[in-house]
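User: I'm new to this one. Can you walk me through it?

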Amino acid sequence: MSVHPQYLTMLRHLRTKALENFGTRLEQSLNKGEGFATSVQNCTQSCILEFDQGCADASVKQAEWDDDLKVWEKLLHDIEAHSSSVREKKLSEIAVNYEKKLTQDLTAPVESLFEFGGKDTWPSIRKLLRRETDAAISGFSAAVSGFELDEETFNKMVQNLKDYATTLVEKKAREEAGKVLIRMKDRFLTVFNHDHDSMPRVWTGKENIRRITKDARSASLKLLSVMAAIRLDEKPDNVENVLFSSLMDGTISVPLSQDKKMGASPDPLASSTWEEVPPNKTLITPVQCKSLWRQFKAETEYTVTQAISAQEAHRRNNNWLPPPWAIVAMVILGFNEFMLLLKNPLYLMVFFIIYLVSKALWVQMDLAGEFQNGTY
């Protein structure tokens, strides 16, 4: 009877050693690039075989003890628990790695597309999101193929990746919506101060400032309409039409009968929601757009005023003729002198020579440029 406790101690030692060997061999097998399920199966078989051999060597003849079966079941349970723990850890690491890859591949391009803020912004974002998500899922599928996941678990992890990518884009959209006023002013200055060839404008007095201002404001309002809502589902909306008709062309007039029937406001921007846009997809509400537009116009008005002043200054600097009334007065008062020149052509030739010399000196010394620069 005194041998039985020693036998139990030996079995526990064999179980602990087998479990340690399983963990070591599993890690080594995974580091070699072997599949997880295959590695677990092979390591389990080898460790169980060694445990059985150790139990056979430690068994006492003519003893009918069944403790080895209980310890064997305990060892198998511990191996399964360890395998499950390692499995969850490895799957979590793979998922995190592909989430980081999605973050790296989506963040900068999405920010660039929002900065551009054109009609192709959301279609381009949807295309980018699909491409990068498909690439991540493809890589993820290959990485977990050795785990032999059941269909439900695999589909759940794939859906988690898709949700992560979508949430990442939506989060970035909300961040960019908070900077929309800065983007609008930058867009206005870019369009207003540069021509169609992206060359800086020089206000010479020939430019149509009213038209240029309208074009610049239209570009900024287009950017605002792009940032007003999340459009990852490709559903159409009327955000842009409402903004342009209300802020560029004036408030939309609503028929009185329809106004009474639907309770509609004569100002379509006097609302906290957009038609056909769910509240959770709204980035900037209509009333916020109205407030942002008012602030935008106030902060860009000085640029327009400067351009008008530059045009007027250019006209004054390049207008060398006296006023019309002065020309008429000189013709009337200088009639006798003019007749004298006609009767004495020599005087006319002298004045002509003086004019040529003066003109040559004027051009040679660039007196006009010096006057404009304030040198003289």
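Analyst: Here is a quick tour, from the overall fold down to single residues. Keep in mind that the model is predicted.

User: What about contacts between residues at least 6 apart in sequence?
Analyst: Among those contacts, 70% join residues at least 24 apart.

User: Give me an example residue. Where is Leu-30?
Analyst: Leu-30 sits in helix H1, which covers residues 3-31.

User: Is Leu-30 buried or exposed, and why?
Analyst: Leu-30 counts as buried because its relative accessible area is 17%, and buried means under 20%.

User: Which residues does Leu-30 touch?
Analyst: Leaving out residues up to four places away in sequence, Leu-30 touches Gly-35, Phe-36, Ser-39, Val-86 and Lys-90. Take Lys-90, which is 60 residues from Leu-30 along the chain. The C-alpha atoms of Leu-30 and Lys-90 are separated by 10.0 Å.

User: Switching to charges. How many salt bridges are there?
Analyst: The count comes to 16 salt bridges. One of them joins Glu-111 and Lys-172, with the closest N and O atoms 3.5 Å apart.

User: Which helices do Glu-111 and Lys-172 lie in?
Analyst: Glu-111 lies in helix H3 (residues 67-116), and Lys-172 lies in helix H5 (residues 151-177). The pair therefore ties together parts that are 61 residues apart in sequence.

User: Are those two buried or exposed?
Analyst: Glu-111 is partly exposed, with a relative accessible area of 28%. Lys-172 counts as buried, at 13% relative accessibility.

User: Which residues are linked with them in a network of salt bridges?
Analyst: The network links Glu-111, Glu-115, Lys-172, Glu-175, Glu-176, Lys-179 and Arg-183. Inside it, the side chains of Arg-183 and Glu-176 meet in a salt bridge, 2.8 Å from N to O. Both Arg-183 and Glu-176 are buried.

User: OK, aromatics. How many aromatic pairs are there?
Analyst: A search of the whole structure finds six aromatic pairs. One of them is Phe-114 with Trp-122, and it is edge-to-face. The rings are 5.3 Å centre to centre, with 75° between the planes. Phe-114 is buried, with a relative accessible area of 1%. Trp-122 is buried too, at 4%.

User: Which aromatic cluster do they belong to?
Analyst: Phe-188, Phe-192, Trp-203, Trp-293 and Phe-296 form one aromatic cluster.

User: How many disulfides does the structure hold?
Analyst: It holds zero disulfides. As for cysteines, Cys-43 is buried, with a relative accessible area of 7%. Cys-289 also counts as buried, at 0% relative accessibility.

User: Last topic, the surface. Which residues form a nonpolar patch there?
Analyst: Met-349, Phe-352, Ile-353, Tyr-355, Leu-356, Val-357, Leu-361 and Met-365 form one. Together they have about 830 Å² of accessible area.

User: Where is Leu-361?
Analyst: Leu-361 is in helix H13, residues 345-365. At 47% relative accessibility, Leu-361 counts as partly exposed.

Terms used. Residues are numbered from 1 along each chain as its sequence is written. This is a predicted model: local features need pLDDT of at least 70, side-chain atom pairs count only at pLDDT 80 or more; totals for chains, interfaces and linings use all residues. Side-chain values use heavy atoms; hydrogens and water are left out. Patches are made of residues with over 30% relative accessible area and no salt bridge: like charges are joined within 9 Å, nonpolar side chains (Val, Leu, Ile, Met, Phe, Trp, Tyr) within 5 Å. Accessible areas come from the Shrake-Rupley method with a 1.4 Å probe; for residues, only the protein chains shown count as cover. A salt bridge is a side-chain nitrogen of Lys or Arg within 4 Å of a carboxyl oxygen of Asp or Glu. Helices (H or I, at least four residues) and strands (E, at least two) are DSSP runs, numbered from the N terminus. Buried means under 20% relative accessible area, exposed over 50%, partly exposed in between (1.4 Å probe, protein chains only). A disulfide is a pair of cysteine sulfur atoms within 2.5 Å. Rings of Phe, Tyr and Trp (its six-membered ring) pair if their centres lie within 6.5 Å; planes under 30 degrees apart count as stacked, over 60 as edge-to-face and the rest as tilted. Contact means heavy atoms within 4.5 Å.
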